[in-house]
Amino acid sequence: MYLFEYSASKELIVRLEHDADLVQSVTELARSKGIEAGSFTAIGALKRARLGYYDQKSHGYREMKIDTPHEMASCIGNVSLKDGKPFVHAHVVLADEMGNTKAGHLFEGVVFAAEVHLHQLEGPRLERKYDEVTGLSLWIIEEGRG
Amino acid sequence: MYLFEYSASKELIVRLEHDADLVQSVTELARSKGIEAGSFTAIGALKRARLGYYDQKSHGYREMKIDTPHEMASCIGNVSLKDGKPFVHAHVVLADEMGNTKAGHLFEGVVFAAEVHLHQLEGPRLERKYDEVTGLSLWIIEEGRG
Amino acid sequence: MYLFEYSASKELIVRLEHDADLVQSVTELARSKGIEAGSFTAIGALKRARLGYYDQKSHGYREMKIDTPHEMASCIGNVSLKDGKPFVHAHVVLADEMGNTKAGHLFEGVVFAAEVHLHQLEGPRLERKYDEVTGLSLWIIEEGRG
């Protein structure tokens, strides 16, 4: 288990711009505010989205286009560093007009309306590095820091 | 992007009453405690619910009645002001006895059992006003405040 | 309504071990760190899982085995005391390679990769006791404490 201890810092409540991409918007917010570690939740509605499913054997993402409007029933994500810059990782559950769902990794989500609560964390450096076992960029304890 | 900065305040852990409505219960809690800004998550089970899907073209909600017991696999929501009073906005993902899901905006959820973590926020006034583009009540930066 | 007021304490960001069980890992973390009240969110991917649906009439869990890899699109949970020891209650939404979902109570989730944000809470004792009405172990206000 890789454990990082933080104290709470600012709490940001954000209404994203209509037609903006959720992932890019939260990334830009984190970069402009110097947020290097954090977690967030969001609800709202998306005009369209690109979801991902990670193939645990082939180590590649399968992409799914969602081309119709959906409720964003859930969005949970975090902010950490990748290549030294704030990076957003988010998963969503979307719901159509019958309440039926599609879910997965969020590559892109074009905002109809979105309300985000981003919880900034103060503490150790939270950096992603390539992980051989999964093929993903995961948090590591850096040598000489920890 | 409409950005509001808060500092953390009290954290409330709540077990809702059996047979109470989730949305109304959290609303009453916020009003009785004077919570004007906050966010929450919840898990549990509902006896029945009314979900909503917002039609992004006609600007109206389509309502769906869920008349059977479901796990509340996820509930994410927030508290802000509407018409000057604490108002709750929540989305849920429900699961039936096969693990199949229905999700969307939560109009009403009759509690079998529900565990809520409500994160109170201290800071600027967070008020909803009618938004022309979406037809929804969204957060605005009030002139002379911000 | 059963209401418990806390102040924020440490915020833990955790990358769980590949092949570990999510529920057991968070339980061990809480026990080793002396966390007796808290809430968490998580995202990632699971190799397999056991989900539960609670039958609100017969008061028993129906178990569902998910034997294939899934994205963990959402995980919301809490930590409280049961039989005097830190106990984890978590619900998940899982998504397959088509974005289709299965969701419910999480009995066991074998981690492919998982990123957890655990919010430790400081305040009153949060203890579960058997509840006659639901057949579940729910939070109670203990006599002489409250």
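A: Across the interface of chain C and chain B, the rule finds 21 residue pairs in polar contact, both residues at pLDDT 80 or more (N or O atoms within 3.5 Å; within protein, one able to donate a hydrogen and the other to accept it, with residues adjacent in sequence counted only if both atoms are side-chain atoms). On the side of chain C that touches chain B, at least two residues each come from β1, β2 (38-55), β3 (60-66), β4 (70-82), β5 (85-95), β6 (101-122) and β8 (137-140) of chain C (strands are DSSP runs of E, at least two residues, and helices runs of H or I, at least four, numbered from the N terminus). By class, this side of chain C has 21 nonpolar, 15 polar and five charged residues (nonpolar: Ala, Val, Leu, Ile, Met, Phe, Trp, Tyr, Cys and Pro; charged: Asp, Glu, Lys and Arg; polar: the others, Gly among them).

This is a predicted model, in which local features need pLDDT of at least 70 and side-chain atom pairs count only at pLDDT 80 or more, while totals for chains, interfaces and linings use all residues. Residues are numbered from 1 along each chain as its sequence is written, chains are lettered from A and ligands numbered from 1 in the order in which they are written, and side-chain values use heavy atoms, with hydrogens and water left out.

The rule also finds four salt bridges across the interface of chain C and chain B (a side-chain nitrogen of Lys or Arg within 4 Å of a carboxyl oxygen of Asp or Glu). In one salt bridge, the side chain of B:Arg15 meets that of C:Asp131, N to O at 3.3 Å. In total, 41 residues of chain C and 40 residues of chain B take part in the contact (heavy atoms within 4.5 Å). Chain C and chain B bury about 3,500 Å² between them, with 61% of that on carbon and sulfur atoms (accessible area, 1.4 Å probe, lost on being put together and summed over both parts). Within chain C, the residues that lose the most area to chain B are C:Met1, C:Tyr53 and C:Gln56, together 21% of what that side buries.

Helix α1 of chain B also has a contact with chain C. Its buried residues are B:Leu22, B:Val23, B:Ser25, B:Val26, B:Thr27, B:Leu29 and B:Ala30 (buried is under 20% relative accessible area, exposed over 50%, partly exposed in between, with a 1.4 Å probe and protein chains only). These buried residues pack against β1 (2-15), β2 (38-55), β4 (70-82), β5 (85-95) and β6 (101-122) of chain B, together with β1 (2-15) of chain C. Just after α1(B), B:Gly34 has a positive phi of about 65°.

For the interface of chain B and chain A, the count is four salt bridges. B:Glu5 and A:Lys33 form a salt bridge there, with the closest N and O atoms 2.5 Å apart. Chain B and chain A also have 21 residue pairs in polar contact, both residues at pLDDT 80 or more. Chain B gives 41 residues to this contact, and chain A gives 40.

Key
Buried area is the accessible area (1.4 Å probe) that two parts lose on being put together, summed over both.
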